[in-house]
Amino acid sequence: MKEKTINYGSEWCMQFSNEELYEYLITTFESNVDVLIKTLSEDDQEVEITSNIPIQFICFDGEKQDLFISFNGNQTPIFVKDEELMFIDESTKGSYTTSDTFGNVVYEGTLRNTTHKEMLTLFAEIITCLIGAIEVEIIEKEVPSDKQYKKYDYDKSQSYEINVQNNNSDRKKKVFENITIYY
């Protein structure tokens, strides 16, 4: 099988179409009774997934909006209980500073060499860990010297432990590059 080649060129790698959002993200949660999908435009108006109006936000808990994702082209943040997990296009990471990322979780994995399907699948896996969160605790840790990531102006590389308090009696753990989620 031939290796896939991704070339976003000068375009941001996270410019998703409504169709991609539906196919690779929303359908993941269709049978989950704990998820109430609400799609919103840039001006916070509810929009249908089949609309020509670009989707800016997807809420996974309906009106509560304690768990949602936002699509900004060069950055896709996931918000849970007022905490922000930032997924930044590597081509723009150099323009981020400490004040942009302070207090937030920053994913240090590579996104530009992945397809939209792979990125949206990653986001779906992370969101799955956050569904039903009652409380979220984030612990920042220094990255071991043998696992350093590329240095940017926003700070030295961090690894993060995210402890999600929920009603699950069977606790699980998932690792996404420098982010470990216990849920």
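Predicted model: local features only at pLDDT ≥ 70, side-chain atom pairs only at ≥ 80, totals over all residues.

Me: Why is Cys129 called buried?

Reply: The relative accessible area of Cys129 is 1%. The cut-off is under 20%, so Cys129 counts as buried. Cys59 is likewise assigned to the buried class, because its relative accessibility is 1%.

Me: What makes the pair of Phe16 and Phe71 edge-to-face?

Reply: Two values decide the matter. The ring centres lie 5.8 Å apart, and the limit for a pair is 6.5 Å. The planes stand at 85 degrees, and an angle over 60 counts as edge-to-face; the pair is therefore given that name. Phe16 lies in the segment before helix H1 (18–24) and Phe71 in the loop between S3 and S4, so that 55 residues separate them in the chain. Both Phe16 and Phe71 are buried.

Me: Why is the pair of Phe87 and Tyr107 called tilted?

Reply: The angle between the planes is 40 degrees, with 5.1 Å from centre to centre. Stacked planes are under 30 degrees apart and edge-to-face planes over 60, so an angle of 40 degrees falls to the tilted class. Phe87 belongs to strand S5, whereas Tyr107 is in the loop between S6 and H3, 20 residues apart.

Me: What makes Phe87 and Tyr107 count as buried?

Reply: The relative accessibility of Phe87 is 0%, and that of Tyr107 is 7%. Each value is under 20%, so each residue counts as buried. These two residues also join Phe16, Phe71 and Phe123 in a cluster linked by ring pairs.

Me: Which residues have the most contacts inside the largest nonpolar core?

Reply: They are Leu25, Ile78 and Phe123, in a core of 47 residues. Helix H3 (116–130) is one of the elements that supply at least two residues, and H3 gives the most, with nine. Beyond its neighbours within four places in sequence, Ile78 is in contact with residues including Leu67, Phe87, Phe123 and Leu130.

How values were computed: Residues numbered from 1 in each chain as written. Heavy atoms only, no water. Core = buried A, V, L, I, M, F, W, Y, C linked by side-chain atoms within 4.5 Å. Buried < 20%, exposed > 50% of the residue type's maximum accessible area, 1.4 Å probe, protein only. Helix = DSSP H or I, 4+ residues; strand = E, 2+ residues; numbered from the N terminus. Contact = heavy atoms within 4.5 Å. Phe/Tyr/Trp six-rings, centres within 6.5 Å; stacked < 30°, edge-to-face > 60°.
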